[in-house]
Amino acid sequence: MQPASAARTRTLDACFLGPYGENDTLLEKLVVEFLRDHVYWRRNFHPEDPPAISTTAASHPDYQAFEARMRRELHQLSAALKKSVPFHSPRYIGHMASDLLLPGLAAQILTLPYNPNNVSEDAAPVTVELEVKVGLQLAGMLGYVNDPARPDCAFGHLTSGGTLANYQALRLALAQKAFPVALLAVGVPELELPEDAWSAFNLHPHAATALVDRWGEWLAQATPADRRRWQARVQGERIEQRGLAGFFAAHPTLKVPKVLAPITAHYSWSKGCKLLGLGRSQLELLPERGMRIDVGALETTLERCQRERQPVLMAVAVMGTTEYGTVDPIDAVVAARDRAAARGLGFAVHVDAAWGGYLATLFRNADGSLRSRDEVAAGFDHFPSPEVYSSIAALGDTDSVTVDPHKLGYLPYGAGAFICRDHRAVALLSEEADYVFHGASPKDYMGRYRSLGQFIPEGSKSGATVAGVYVTHKVLPLDHAHFGLLPAQTIRSAEAFHARALRFADELRGVVQAVVPFAPDSNLVCFALNPAGNRSAAVANAFVRRLHDELRIDPSRPLQDKQFFGSVTTLRPEALGEVETKRILDALGLDPATLAEDGGDRLMILRHTLMNPYLIDHENGISYIDRYFDHLGVRVRALLAAGN
């Protein structure tokens, strides 16, 4: 009987096309089978209709000329694409991309000829429902209620990526924050409301959602005439109707709310604040400790905001920073929200888990329950730290989350996702368009969201992407025993990489100072390098740039010239803080005063994304991690010998 580890490996072996294209027969069989199935569907739609294209058309010179042009362009495209980044290879350890899961790839290819448009069930009767179910799948992974029979069930939908999902989070939080003020301004009878605009604008998100629900129930009991009248009055007071300028002019005691985010937050938060009209100045970036949000600074900021009567729209925590893979203390941010709301300063907590969201599968049993830390830690050397465990365990207490299936979900671009804790708040985003949408009972969860375009930022959107995500989650359910096999493999690779980096530092002591700036929380590992004896940050940066020149894609050269592909990022003192900056620079032997010598104020470091499942090739006894560090050592010595 084969050991469990071997069984896990064999499961993964069926998941991908493979670094060598090992599963080409399987993918080809699936594509051909379902292409034929699609053609049979066309032929049997109305078999009495005769073929519109003549059987002799293929013999016509114009037909043949068109086919020749098409083949020529496709061959040229195919040739050009050979310069693409080899994400599939275990020699690629750069950005957040790897090989694609076969279930998702095949499902997307299968669905493309049907061309569903997920704006509504009129244009996509199958894949709209699948998208709503994808939202429920992801909600369960995060610890939200995902039973549509429950009034507090979560809701999620796909987006083109994490950036648009973050916009949706801002949009929902603003609607939810401002809606109680609109109700108060109108004075809806028999509805218990906050006493003033400040209190209405600063409800705990849970209380604001409950108020939306009570408003819906009140409308349901009103006569049709009263319902129309009160809906129109409330609509006229809403921020979506008045706009930011009109809303705050009508409520002069209120200020435009701030968004609080860690200094390492993705630039989409800046873009989102500008897009919504809040303004970039309303995004306040908080300092960090060890590349994780400084909760003390968050508390101090919240206290200042309360003193100054400055509302807060949202506090953002990051689960897997894009640059470092670190996990913010989500549990502490949630606790800060609850304490502030008890003092009368309510705001939402959103988790940007675009990168790290699928790590949550390691924390879930098949029934959705949370595993203990000891259960999660079995099979790892260090993961998860107590802090990381507490953070991910707290996801279900947040208000909304961004996840990117096209990152650690191993699915094609673009598949981001937005998930909110309680679907009742989503009613605030509804956009009526009678020529597309049809009414559904508020109690009919699936029926309501088949009119998906009412609630999402996009109009037209691909149903094929949805099919890829849905089928993947069905083939690999989002728990530790199924999908969790993939992130588990990446964590083991990251731990092996971390250990090998420390050995590399010992082996090359006297040649180069090498430091892992902070222990990895997930499957990104950064590595800082400085030639031995050098005190200048500018010299160290130039050295790392030259190393990266040999690790980055170069379209002018054959891919095979590169042994490995990696990426870089930077460490900034304003993000690290004084203590952490000094610790890292001291370990590298660098003088902090030299940071600005080359016109910058940051230190360049190598960054490695370890998501390829075959970095450790058990079949052939190869560690691409060892090979990478052997290669890095050769290049370091060669550059130093050449005086670079």
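Q: Which helices each supply at least two residues of the second largest cavity's lining?
A: H6, helix H7 (197-201) and H8 do. Helices here are DSSP runs of H or I with at least four residues, numbered from the N terminus. This is a predicted model, where local features need pLDDT of at least 70, side-chain atom pairs count only at pLDDT 80 or more, and totals for chains, interfaces and linings use all residues. Residues are numbered from 1 along each chain as its sequence is written, and side-chain values use heavy atoms, with hydrogens and water left out.
Q: Which helix gives the most there?
A: H6, with four residues.
Q: And which residues lie nearest the centre of that cavity?
A: Ala173, Gln176, Lys177, Leu203 and Pro205, out of 13 lining residues. A cavity is a set of points on a 1 Å grid over the protein atoms alone where a 1.4 Å probe fits but cannot get out, and lining residues have an atom within 4 Å of a point.
Q: What's its volume?
A: About 90 Å³, taken as the space filled by probe spheres set on the points, which are joined across faces, edges and corners.
Q: Switching over, what volume does the largest cavity have?
A: About 110 Å³. Its lining also has 13 residues, with Leu172, Gln176, Asp399, Cys420 and Ala425 nearest the centre.
Q: Which helix gives the most to that lining?
A: H6, with four residues. Helix H6 (162-186) and helix H8 (205-221) each supply at least two.
Q: Last one: how many cavities of 30 Å³ or more are there?
A: Four.

Note on methods. On a 1 Å grid over the protein atoms alone, a cavity is a set of points where a 1.4 Å probe fits but cannot get out, and a pocket is an open set with protein on both sides within 12 Å along at least five of seven lines; lining residues have an atom within 4 Å of a point.
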